[in-house]
Amino acid sequence: MSNIRGGAPGRVAVRKTFKLFIGGKFPRSESGRSYEVTDRKGRFLANAAMASRKDARDAVVAARKAFPGWSAATAYNRGQVLYRVAELLEGRRGQFVEEVAAGEGLSKSKAEAAVDAAVDRWVWYAGWSDKVMQVHGSANPVAGPYFDFSVPEPTGVVAVLAPQESSLLGLVSVVAPAVVTGNTVVVLASEERPLPAVTLSEVLATSDVPGGVVNVLTGRTAEVAPWLASHMDVNAIDLAGAAPELVTDLQVAAAENLKRVVRPESTDWAVTPGPERMFAHLETKTVWHPIGV
Amino acid sequence: MPKKFDYAPAPESRAIVDLQPSYGLFINGEFVDPVDGHAFKTVSPATEEVLAEVTEAGQEDVDRAVAAARRAYDKVWSKLPARERGKYLFRIARILQERARELAVLESLDNGKPIRESRDVDIPLVAAWFFHYAGWADKLDHAGYGSNPRPLGVAGQVIPWNFPLLMLAWKVAPALACGNTVVLKPAETTPLTALLFAEICQQADLPPGVVNIVTGAGDTGRALVEHADVDKVAFTGSTDVGKMIARSTAGTRKKVTLELGGKAANIVFDDAPVDQAVEGIVNGIFFNQGHVCCAGSRLLVQENAYDEVMTSLKRRLGTLRLGDPLDKNTDIGAINSSEQLARIRELSEVGESEGAARWSPPCELPDKGFWFPPTVFTGVSQAHRIAREEIFGPVLSVLTFRTPAEAVEKANNTPYGLSAGVWTDKGSRILWMAGQLRAGVVWANTFNRFDPSSPFGGYKESGYGREGGRHGLEAYLDVGVSR
């Protein structure tokens, strides 16, 4: 792990500061708080920013601001941008392997498999950008002189509670299906294994993803998630990483503005998913266009 | 004001409807007396005449209905080959067509809507809905939800009073086609066509327990929605109740779809053919007395077309005929209930007190029953309650705009997102506007059109899930990601 390893004998490593990622920038938590992140054996890895309610709100503002541009980008463009993310993920493979191995307590080979799967997952979703409309849309044979068609559109700002165990593959598997279709995301990283999420944010910042499209928070899930669930400018929430005892309260909070809710369920993130998680963050718009001479 | 043509009354005969003095609950294929429920009366909103006594189902009654649906699901319906399931739906569709006139008259009696609408819109769509979903029953593996999509189990369905039988069709047809069994609660003020539908299920020899109908009010609905053995909740109604349902189903495995309120913008550009647009405005807000969740209740007129549109609109409103719902000449029927009438009156008074100008055509209201004249508010600002809240009555709020961008901004300035209308001669502008509007249905140069193949449902606080077409199947299938 880069924060532990010194490199050549006698050399003092330059450690990374793990910050939040909001609106394309890397602020510390406005609360000034941080928390200690350790490996599975309890050894210190880093101090991560402990996001507050204010940080969550700032992230939602950034995501809302980014939504018009990102949702209006062509599907081809979004696909290119996301594929570019996969390229840069691959380029940081070694760093991710170290972070995943340390955080999840995996052997190097298992961590490599998880990182490879995460890169491939990102590529898989990137390729969906210009296919989802054909697969999920329709032309509807109505009984009347109208060309009637239904198209999927992004729901808006999606809050995501990333899976707690699978810190990179799980994270990618819940963020990519939301952003590929034009949603913007505020993701709360795995509480105890947040480092790959922060490194992912560095990848996002140096790829072509516009600032605010993905915002990454680290901190206490039980503290931050309720603010996201109750936020009136969040349109949907994926509860993948919510502990069972939080789920009911978060759903109740989400009901206030009728957020679309994806409930948590045990998922093997290594298995290639279907398109359902993308569909969960889509609205269907039906247009009745007149026909006549 | 042009003269209204005089027509002799042309009432549709009530003789076709054979109303019983009282109705039980339809559970496990037969009408049964309640265990812990009691009787209440359903009236004709046009005359306040009592039409029949129906049963308010209690908790135990709901338990029995859900148990019957569960039994039918486990033992019969889930084991039936999909093709046979579909054939039952085709059979129901045919009987609906055969008894269409009877259903239309009963709907107008119980709901107050003009016979012209129940006869020409509601009931034909009801049959069409069953036909459409009948055909889906044995084609679900081609619907895009995996190779062997499974039903959810027992669906608890709660529907509103504005399109009683049509809402039943929107709920029951896809649920059965996907292999679920249902317990349906019609609205307390409009239970009669659902009870007639129960008879149709009997005529179709639908296996007992596949469709159960429990009449009642809010408590009955709550008992159904919160029932532990219900796998799926489908609700159409107000956003407030929708939020209550979202809260009460939190932490459960129930799949929920909600079709809720709206405050649709009907946007008229200066190049729109005015006469056609005015017909659309009238259809958008005065169809079904404005008791339509997707009603075009906010008229946005481009400023330079405002005078022409308003003059033409007022002239047209002067020709609308309000009165006996069973009269074939009637355009505007009765308000569904005294409670709804009170709400419409209250919000209209608020509209005046907040400074908007109120106008109605000269319009004689019948002495008995619940009536409200077609009403137009001008000088409405976006902050006015009549521009923000769903009135669910024949009340139109008129606002203006200058540019397409301003129209979009105003149209989207609402927590709702069910529908919108665009009137323009320019095809490219229709599609641009359609892309900008945050609403589930956009009608261009038309309004309030429905079709079983056309997905319908809302963005934002207008709810979630779609009804109609292939998309409508998702609400009743286990599609993997749970929500």
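**Note on a predicted two-chain model**

1. Asn28(B) is partly exposed, because 18 other C-beta atoms lie within 10 Å; a residue is buried with 20 or more such atoms, exposed with 12 or fewer, and partly exposed in between, the C-beta atoms being placed from the backbone. The structure is a predicted model, in which local features need pLDDT of at least 70 and side-chain atom pairs count only at pLDDT 80 or more, while totals for chains, interfaces and linings use all residues. Residues are numbered from 1 along each chain as its sequence is written, and chains are lettered from A and ligands numbered from 1 in the order in which they are written.

2. Asn28(B) sits in the loop between β1 (25-27) and β2 (30-32) of chain B, and its phi is near 55°, a positive value in a residue other than glycine. Most residues other than glycine have a negative phi. Helices (H or I, at least four residues) and strands (E, at least two) are DSSP runs, numbered from the N terminus.

3. Asn288(B) also has a positive phi, near 60°. Asn288(B) belongs to the loop between α9 (274-286) and β12 (298-302) of chain B. Is Asn288(B) buried or exposed? Asn288(B) counts as buried, because 24 C-beta neighbours lie inside 10 Å.

4. Chain A contains ten helices and ten strands. The radius of gyration of chain A, taken over C-alpha atoms, is 20 Å, close to the 19 Å given by the globule rule for 293 residues, so chain A is as compact as a globular protein of that length. The rule is 2.2 Å times the number of residues to the power 0.38. Of the 293 residues of chain A, 54% count as buried.

5. In chain A, the axes of helix α2 (residues 75-91) and helix α7 (residues 195-206) come within 9 Å and cross at roughly 130°. That angle makes α2(A) oblique to α7(A); angles under 35 degrees count as roughly parallel, over 145 as roughly antiparallel, 65 to 115 as roughly perpendicular and the rest as oblique. Axes are lines fitted to C-alpha atoms, for helices over the stretch in contact, and angles run from 0 to 180 degrees between N-to-C directions.

6. Which residues make the contact of α2(A) with α7(A)? Val85(A), Leu88(A) and Leu89(A) of α2(A) meet Val203(A), Leu204(A) and Thr206(A) of α7(A). Two residues are in contact if their C-beta atoms, placed from the backbone, lie within 7 Å.
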